[in-house]
Amino acid sequence: MRLLILGGSWFLGRTLVVDALAREWEVTAFSRGKSGQPPAGAAHVGGDRRKEADLKRLAESGPWDAVIDTSAFEPVDVAQATAALGDHIEQYVLVSTVSAYRDWPDVVVNESSPLWPSSPTLIEDSPELADMTIGGRYGTLKAGCEAAAIEGSKRSLIVRPGVILGPGEYVGRVLKLMERASRGGRWLLPAPAEQPIQPVDVRDVSAFILDAIEAKRDGAFNLVAPVGHATYGEMIDLCLELTGGRAEPVWVDPEWLDQQGVRQWTAVPLWRTAEGTWRVDGRQAAEAGLVCRPFVDTMRDFKAALDRDGLIDHPRQHQLGLPAEREAELLAAWDART
């Protein structure tokens, strides 16, 4: 197999390169090189996907059995890539997101649920996005990326992960939880501890994508762990165990936290009260071969990679977590209330 990866220097892209090379596939990674180089063994073509000349030069390295697009943000990104590479690839694999569903996270979604209305020609500054929420804009752009991939390729595969965790994760959700566990003291957390969560391991996402390419699958798949795969409380317990932290979880009413203006998903990472957040239907992917390793392995291997390789600095990490002073104020207010 000859594989092209748009990206390939960190997290999912890097994992895909490593796993494809382990299968003895021939791998080309295309990136600007700003976040590092792809793993040894892959050919690296440097360039900017938004520059037509760079895409034309990339096409000269083809053909490929498939391209995996891990870095598309605007639909025009995908449209330009398919226009330049379409004759050189047999399958276009787009890594999208469950945010492409119009009604996620408010309701349970499956692959037939409606997407955000979108277009392959949208850009981030399109006027029709101006009055939308951040989530709505992001979902609309991703839905447009999907439309562009389907419209511009011979055959397409769309994967819609929920939250991807595991070795090399750089957004910082588990990182911030582990840092908080290490700090000790009383730890403000949203009840119930039994809340199911569905994060999927980056290595399981990679395996599904590569298997699907080999099997010549097309269509769309939600890549999430089964409901009940893990709970929020188990994640907190693992953060304490893996860091040796002595923090004392204090589980409080999530509606009360919301009333205090605590930002869901960011101030308390991976906490969201909407019904469909952690109930995405992933049965179609499971039937097609997605296997999710135990959540404890995802957490342990993330911590081992962090200890071995160090922190991948990323601006989104600074948006996560509650300042210690704010957390103390909230704990005092909760104590006074109860």
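Visitor: Which charged end sits over the ring of W265?

Guide: That of R272, 4.5 Å from the ring centre. A charge sits over a ring if NZ of Lys or CZ of Arg is within 6 Å of the ring centre and within 35 degrees of the ring normal. A word on the model: it is predicted, local features need pLDDT of at least 70, side-chain atom pairs count only at pLDDT 80 or more, and totals for chains, interfaces and linings use all residues. Residues are numbered from 1 along each chain as its sequence is written, and side-chain values use heavy atoms, with hydrogens and water left out.

Visitor: How many aromatic pairs are there?

Guide: The structure holds seven. In one of them, the ring centres of W265 and W278 are 5.7 Å apart and the planes are at 40°, so this pair is tilted. Rings of Phe, Tyr and Trp (its six-membered ring) pair if their centres lie within 6.5 Å; planes under 30 degrees apart count as stacked, over 60 as edge-to-face and the rest as tilted.

Visitor: Where do W265 and W278 lie?

Guide: W265 is in strand 14 (residues 264–265). W278 is in the loop between strand 15 (268–269) and helix 9 (283–287). They are 13 residues apart. Helices (H or I, at least four residues) and strands (E, at least two) are DSSP runs, numbered from the N terminus.

Visitor: Are those two buried or exposed?

Guide: Both W265 and W278 are buried. Buried means under 20% relative accessible area, exposed over 50%, partly exposed in between (1.4 Å probe, protein chains only).

Visitor: Which residues do ring pairs link into a cluster?

Guide: W10, F11 and Y170.

Visitor: New topic. What is the volume of the second largest pocket?

Guide: About 460 Å³. Of its 23 lining residues, the closest to the centre are R14, P167, G168, D309 and I312. On a 1 Å grid over the protein atoms alone, a pocket is an open set of points where a 1.4 Å probe fits, with protein on both sides within 12 Å along at least five of seven lines; lining residues have an atom within 4 Å of a point. Grid points are joined across faces, edges and corners, and the volume is the space filled by probe spheres set on the points.

Visitor: Which helices each supply at least two residues of that lining?

Guide: Helix 1 (11–22), helix 6 (202–214) and helix 10 (295–309).

Visitor: What does S9 touch?

Guide: R14, S35, G36, Q37 and P38, leaving out residues up to four places away in sequence. Contact means heavy atoms within 4.5 Å. S9 lies in the loop between strand 1 (2–6) and helix 1. S9 counts as buried because its relative accessibility is 8%.

Visitor: Which residues are joined by a cis peptide bond?

Guide: G62 and P63, with omega about 5°. P63 is in the loop between helix 2 (52–59) and strand 4 (66–69). The bond from W104 to P105 is also cis, with omega near 10°. Most peptide bonds are trans.

Visitor: What about phi at E24?

Guide: Positive, about 65°, although E24 is not a glycine. E24 lies in the loop between helix 1 and strand 2 (26–31). E24 counts as exposed, at 74% relative accessibility.

Visitor: And L270, buried or exposed?

Guide: L270 is buried, with a relative accessible area of 2%. Its phi is positive too, near 70°. L270 is in the loop between strand 15 and helix 9.
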